[in-house]
Amino acid sequence: MTTLLTVDRVAKNFTGLRAIENVSFSLDAGEIFAVIGPNGAGKTTLFNMIAGVFAPDAGTIAYCGQRIDGLRPDQVCRRGIGRTFQIVRPFPALTVEDNVMVGALLRRSDMAAARRRAHEILSQIDLLDKRGLRASALTLPDRKRLEVARALATDPKLLLLDEVMAGLRPTETDRMVEILRQLNQSTGVTILLIEHVMRAVMALAQRVLVLHHGAVIAEGAPGEIVRDPAVIQSYLGVEAAG
Amino acid sequence: MPAEIYLNVAVGGMLTGLVYGLMALGLSVIFGVVRIVNFAHGEMMTVAMYIAVVLFSAFKLDPLVMLAPIAAVLFVFGYAMQAGLINPFITRPEHSQFMLLIAVAMILVNTLLIVFGPDARSVQTSYSLDSFQIGPLIVDATKAYAGGAAIAFALALFAFFRFSLTGRAIRACADNYTGALVVGLDVKRLYALTFGLGSACVGAAGAMLVMLIDVTPQIGPGYTLLAFIIVITGGLGSMPGALLGGVLIGLTEALAGLFFTPSAKSMFAFALLVLVLLFRPQGILGKRLA
Amino acid sequence: MMGRLLDGVSKRVLIGLFTVFAALIIAPLFANDYLLTILILILYFAYTGQAWNIMMGFAGQLSLGHAIYVGLGAYTTAALYVHFGIGPWIGMAAAVAVAVVCGAIIGFLAFRFGVGGVYFAILTIAFAEFFRIGFDHFKWVGGSAGFFLPVANYASNDLWNLRGNPAMFYYVLLAMTSGAFILCHILLRSRMGYFWQAIREDEQAARALGIDTFRYKMYAVVISAGMTSISGVLFAFYYNNLFPEQIFHISRSIELILAPIIGGVGTLFGPIIGAFLLTGLAEALHEAMNALGFDAPGAKQVFYGICLLFVVMVLPDGVWPPLKKALRLNPHESDRGKS
């Protein structure tokens, strides 16, 4: 089991607000890892630091053994980390196919090869029949899948998914979970996801990290952390423990 | 050259700069609240200037006296433009907004050209050639009056935004559009009001400026650009910044005209703009944008 | 290569293009001097509009100071011709180089320092104004008094020196515009074209997909600048006089963006259609007014302004997209404003 990502004692402040404090964890290749916690816990901040949107104020982030903290977002992506956005950002005037092609063109300069790759991913994600539609014409669940498809087209080894289930109905959530699980099994892509939808977390994640007020309060298998008293108190509530 | 010349030129420049500042204040108010880049700003001022010219040549009415009516006319024009034309464009992409106002500007400039012709007009009042002497300082009467009027108008505007309920409502819209809507403010009307106020500034500035320079239809675009330079230099969203920027530009212009060829003086304004955009985009008094 | 070029283009479009092209080739045989002048103007705006469209329509960067590149192209080749006897085709290389450097500087300053949107537009205006005033004092190329190219007799067409009758200029422009059209078509379908459109749609999302947005924005600016400067070369040799006040003036910059905006920003046919429509209608208006006995300088500009207003309000994507729909030229539902 190779270690893919190591986050080591990172911290981030935003003028007076301690958003992240002394967070450390590591990911093995092929894992599905979830980060959960109440709103404002610092989950997206953590993501943004890994994705290169901003640099941590302290600590390091290493990917495949090399430091990536402080790199630009496009540099991080080229290293092999793909990400989605919490509020989806498709390219509205482009078609579904063209959206994914933009991603596929990162590692391919041949247009035909990029198109083939785009079709491949679109069929994996079940959007192939909508490839000619403008992205602006899609429903929210479809946009979420487009977002994932586009990030996948860049051939990442690590995929960062930011609340990709938000706004989806249970059936749609199950569908997305199935797609992600399939992708993880067939391609071995490591997935780091931020989630609020516990149904998805329990179904997908092999390990879970719980953040609260920017600090780690629990880490472990899903079954363990739902019974962790600190987690129950700060986030889940007594009912979740079942 | 004796020091007095520098002083006189500098003071003259600063007074003219106050008028520029008032014009820029109008732009700042509009951009700060409605977030529309008014590319027709200088052209609207040119319209105001022509109104002053016509009133003077036909009825011998002093522009300073006509300041309020001219500002009022421009207010109505601005209000109507925002409510009628610009409103749907708030949510449109930026280049659409520019193009809309560029189109308005083109129509204004060329209509003026058709109506008044390309020749320069000016307003020569009875005191146009007078000057005051304060110690070693010699100040043109027109500049002194214009500068004073500019300050008065600006102060009135500050007071409105600071103390009146409507003024504060407008500032609320600027700070938080959705919040303002949620709280029940009639944002559309307030936007139109703001555009009207910004236009009134421009109208007043025009009435003052017509005493200081000659007007042709073509000077509009130059002043739109100048207004932008001032607003960006002084600080977007800062009303005192607009006045400060205006004074700074007026000063630079006057002194540059003294040291270098007069026609090159605008180059300094542009150079200043480029420097500000690059190194301090929030301007001198502006707040740092996120 | 030819096959790939024509891939996905409908037969009707091709036939239409060929017809138009054929008509344009034989036009000088039937057109009188006046009509030829109009056609030259149309092609000039179509070409320059295409070049501007690369920066704005493809990459989403609004330049309102594009006259800089026309002016630099014009002055560079004119100066080389007048002072050193260097022909315009060689001078063109220098012109493109100068424009590319200028564009690179503007782009670098803007993009490195995060100047975008409104501010970028204002920056471009400021640069254009700076050059306008600067060239007014640039005595080596005539300053504000103007720079003049020696006008020889037009008994023979000298293509090498671009001295000749209007028909020669017409064909050169036709070749340029056609070349630009093909180039834009290629660019739009290329990897770079896709990256540009991604940047235009959402720069941050584009970055998250690994696109080095700074680099690609620079490419757009530099290519656009270089292409535009070539029209400046023609400008210089066609009009034979250059005045900074005119060539760098903001109204010039606005003028050359009217066609692509009215035709359709970001589309392939937009700038060309816009040029035909705008100039055609303007001249028709001019003729109508002459016939009625009006002579109002500025009326044409008012007309342009009204057209622009109309398009911006009613047809925000320009004339071409709805026209394309009406002609049923869409291959399938996708309508990414490509052609």
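# Sheets, helices and chain contacts

Visitor: Over how many bridges do strand β4 (residues 58–63) of chain A and β5(A) pair?
Guide: The two strands run in the antiparallel sense. Strands are DSSP runs of E with at least two residues, helices are runs of H or I with at least four, and both are numbered from the N terminus. Two strands pair if DSSP finds at least two bridges between them. For β4(A) and β5(A) the count is two bridges.

Visitor: What pLDDT do local features need here?
Guide: Residues are numbered from 1 along each chain as its sequence is written, while chains are lettered from A and ligands numbered from 1 in the order in which they are written. This is a predicted model, in which totals for chains, interfaces and linings use all residues, side-chain atom pairs count only at pLDDT 80 or more, and local features need pLDDT of at least 70.

Visitor: Which strands of chain A are the edge strands of the open sheet of four?
Guide: The order is β2-β1-β4-β5 (chain A), and the pairing is antiparallel. An edge strand here pairs on one side only. The two are β2 (17–28) and β5 (66–67) of chain A.

Visitor: What angle does the direction of helix α1 (residues 43–51) of chain A make with that of β2(A)?
Guide: Helix α1(A) packs on the sheet and touches β1 (3–14), β2 and β4 of chain A. Axes are lines fitted to C-alpha atoms, for helices over the stretch in contact, and angles run from 0 to 180 degrees between N-to-C directions. Between α1(A) and β2(A) the angle is about 60 degrees.

Visitor: In β9(A), which residue is the bridge partner of A:Ile36?
Guide: Strand β3 (residues 32–36) and strand β9 (residues 207–212) of chain A pair in the parallel sense over four bridges. In β9(A), the partner of A:Ile36 is A:Val210.

Visitor: Which helix gives the most to the side of chain C that touches chain A?
Guide: Residues are in contact if their C-beta atoms, placed from the backbone, lie within 7 Å. By that rule 22 residues come from chain C and 26 residues from chain A. Helices α8 (191–201) and α9 (203–208) of chain C each supply at least two residues of the chain C side. With six residues, the one that gives the most is α8(C).

Visitor: Which helix gives the most to the side of chain C that touches chain B?
Guide: This contact takes 34 residues from chain C and 30 residues from chain B. On the chain C side, α6 (117–136), α12 (250–263) and α14 each supply at least two residues. With 13 residues, the largest contribution is that of α6(C).

Visitor: How far apart are the axes of helix α13 (residues 270–292) and helix α14 (residues 299–314) of chain C?
Guide: In the contact of these helices, C:Leu278, C:Ala282, C:Leu285, C:His286 and C:Met289 in α13(C) meet C:Ala299, C:Lys300, C:Phe303, C:Tyr304 and C:Cys307 in α14(C). The helices pack at an angle of about 135 degrees, and their axes are apart by 10 Å.

Conventions
Contact = placed C-beta atoms within 7 Å.
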